[in-house]
Amino acid sequence: MGGWWLHLRRCAQCGHIGCCDSSPAQHATAHWRSTGHPLVQSFEPGEEWFWNYDTNALYETGPELTPPGGHPADQPTPGPADRVPQDWTRQLHR
């Protein structure tokens, strides 16, 4: 699609990977709205927290998900490396 992301989230129910709400496309929230799957885990290397869209609650732990637990460590944040615009900080949702 040619887009880029700031951080990624993984649906705990079906495994869908979507970008966070700060990213321009906000795919993780769109996935929740279209499927009703409320629980996502950070898909950033070294992060294991969960977010529940239904309750707006953060959890340090949640269900153990099938690997992988994050995007490739050699892929920068934001990413993918070849698609991030020079003015990426101005495009974030805050």
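Start by selecting Pro 38, which sits in the loop between H1 and strand S3 (39-42). Helices (H or I, at least four residues) and strands (E, at least two) are DSSP runs, numbered from the N terminus. The model is predicted, with pLDDT of at least 70 needed for local features and 80 or more for side-chain atom pairs, while totals for chains, interfaces and linings use all residues. Residues are numbered from 1 along each chain as its sequence is written, and side-chain values use heavy atoms, without hydrogens or water.

**Around Pro 38**

Pro 38 has a relative accessible area of 18% and is therefore buried: buried means under 20% relative accessible area, exposed over 50%, and partly exposed in between, with a 1.4 Å probe and protein chains only. Show the contacts of Pro 38 next, where contact means heavy atoms within 4.5 Å. Leaving aside neighbours within four places in sequence, Pro 38 touches Trp 32, Trp 51, Asn 52, Tyr 53 and Asp 54. For Trp 51, which is 13 residues away along the chain, the C-alpha to C-alpha separation from Pro 38 is 7.9 Å.

**Aromatic pairs**

How many aromatic pairs does a search of the whole structure find? The search finds two. Rings of Phe, Tyr and Trp (its six-membered ring) pair if their centres lie within 6.5 Å; planes under 30 degrees apart count as stacked, over 60 as edge-to-face and the rest as tilted.

Select Trp 4 and Trp 88. Their ring centres are 6.4 Å apart and the planes stand at 80°, so this pair is edge-to-face. Trp 4 belongs to the segment before strand S1 (8-11) and Trp 88 to the segment after S5, so the pair ties together parts that are 84 residues apart in sequence. Trp 4 is buried, at 10% relative accessibility, whereas Trp 88 is partly exposed, at 27%.

Now move to Trp 32 and Tyr 53. Here the ring centres lie 5.0 Å apart and the planes meet at 15°, so the pair is stacked. This pair also links distant parts of the chain: Trp 32 is in helix H1 (residues 27-35) and Tyr 53 in the loop between strand S4 (50-52) and S5, 21 residues apart. Tyr 53 is buried, at 9% relative accessibility.

**From Tyr 53 to Thr 29**

The side chains of Thr 29 and Tyr 53 are joined by a polar contact of 3.4 Å. A polar contact is a pair of N or O atoms within 3.5 Å; within protein, one must be able to donate a hydrogen and the other to accept it, and residues adjacent in sequence count only if both atoms are side-chain atoms. Not counting residues up to four places away in sequence, Thr 29 touches Asp 21 and Tyr 53. Thr 29 is buried, at 5% relative accessible area.

**The cysteines**

A search of the whole structure finds zero disulfides, a disulfide being a pair of cysteine sulfur atoms within 2.5 Å. Cys 19 is buried, at 4% relative accessible area, and Cys 20 is buried at 5%.

**The segment after S5**

Go to Pro 78, in the segment after strand S5 (57-59). Is Pro 78 buried or exposed? Pro 78 is buried, with a relative accessible area of 10%. Not counting residues up to four places away in sequence, Pro 78 touches Trp 4, Trp 5, Leu 6, Val 84 and Trp 88. His 7 is 71 residues from Pro 78 in sequence and 6.6 Å from Pro 78 in space, C-alpha to C-alpha.

Two peptide bonds to inspect come next. The bond from Gly 79 to Pro 80 is cis, with omega near -10°, and Pro 80 is in the segment after S5. A cis peptide bond also joins Pro 67 and Pro 68, with omega of about 10°; Pro 68 lies in the segment after S5.

Then select Arg 90 and Asp 87. Their side chains meet in a salt bridge (3.5 Å, N to O), and a search of the whole structure finds one salt bridge. The term denotes a side-chain nitrogen of Lys or Arg within 4 Å of a carboxyl oxygen of Asp or Glu. Arg 90 is exposed, at 70% relative accessibility, while Asp 87 is partly exposed, at 28%.

**Last stops: positive phi**

Select Gln 26, in the loop between strand S2 (17-19) and H1. Gln 26 is not a glycine, yet has a positive phi of about 50°. Gln 26 is partly exposed, at 27% relative accessibility.

Finish at Asn 56, in the loop between S4 and S5. Phi of Asn 56 is near 55°, a positive value in a residue other than glycine. Asn 56 is exposed, with a relative accessible area of 57%.
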